Amino acid sequence: PQAGKAVITVHDVLGRRVAVLLDEVRTAGIHEVRFDASNLSNGTYFYTLTAGGRAVTKKMVLLK
């Protein structure tokens with residue numbers, strides 16, 4: 001837990017980037033990011049959080 005650049009991106013199942021939710025330096029601690037997916041269709045997407053030299057990718061299902 002230390003300050004540094006954080007990037008959150010969202011990709012579709014074909015690997016195309018559909019959104020960049022965050023790309024800035026953040027302080028250490030807990031943060032919240034809102035995602036407006038109104039322009040995306042239902043389906044499976046992947047989001048990647050990159051911070052502190054590490055990257056974590058998770059799957060999400062969008063249902064409207």
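Strands S1, S2, S3 (43-51) and S4 each put at least two residues into the lining of the largest pocket; strands here are DSSP runs of E at least two residues long, numbered from the N terminus. That pocket comes out at about 620 Å³. Some bookkeeping on terms: on a 1 Å grid over the protein atoms alone, a pocket is an open set of points where a 1.4 Å probe fits, with protein on both sides within 12 Å along at least five of seven lines, and lining residues have an atom within 4 Å of a point. Points are joined across faces, edges and corners, and the volume is the space filled by probe spheres set on them. Of the 25 lining residues, Ala6, Gly29, His31, Leu49 and Ala51 are the closest to the pocket centre.

All of this comes from a predicted model, where local features need pLDDT of at least 70, side-chain atom pairs count only at pLDDT 80 or more, and totals for chains, interfaces and linings use all residues. Residues are numbered from 1 along each chain as its sequence is written, and side-chain values use heavy atoms, with hydrogens and water left out.

As for the sheet, four strands line up in the order S2-S1-S3-S4, open and antiparallel (strands pair if DSSP finds at least two bridges between them). S2 (17-26) and S4 (54-62) sit at the edges with a single partner strand each, so one side of each has no neighbour in the sheet. From one strand to the next, the twist averages 15°, taken from axes fitted to C-alpha atoms, with angles between N-to-C directions running from 0 to 180 degrees.

S1 and S2 share eight antiparallel bridges. Val7 faces Asp23 of S2, and Ile8 faces Leu22 of S2. Four residues separate the two strands of this hairpin, and Gly15 in the turn has a positive phi of about 90°.

Thr9, also in S1 (residues 4-12), is buried at 10% relative accessible area (buried means under 20%, with a 1.4 Å probe and protein chains only). Leaving out residues up to four places away in sequence, Thr9 touches Arg17, Ala19, Val20, Phe46, Tyr47 and Thr48, a contact being heavy atoms within 4.5 Å.

Val10, Ala19, Ala37, Leu40, Tyr45 and Leu62 make up the largest nonpolar core, meaning buried Ala, Val, Leu, Ile, Met, Phe, Trp, Tyr and Cys residues joined through side-chain atoms within 4.5 Å.

Key
Buried means under 20% relative accessible area, exposed over 50%, partly exposed in between (1.4 Å probe, protein chains only).
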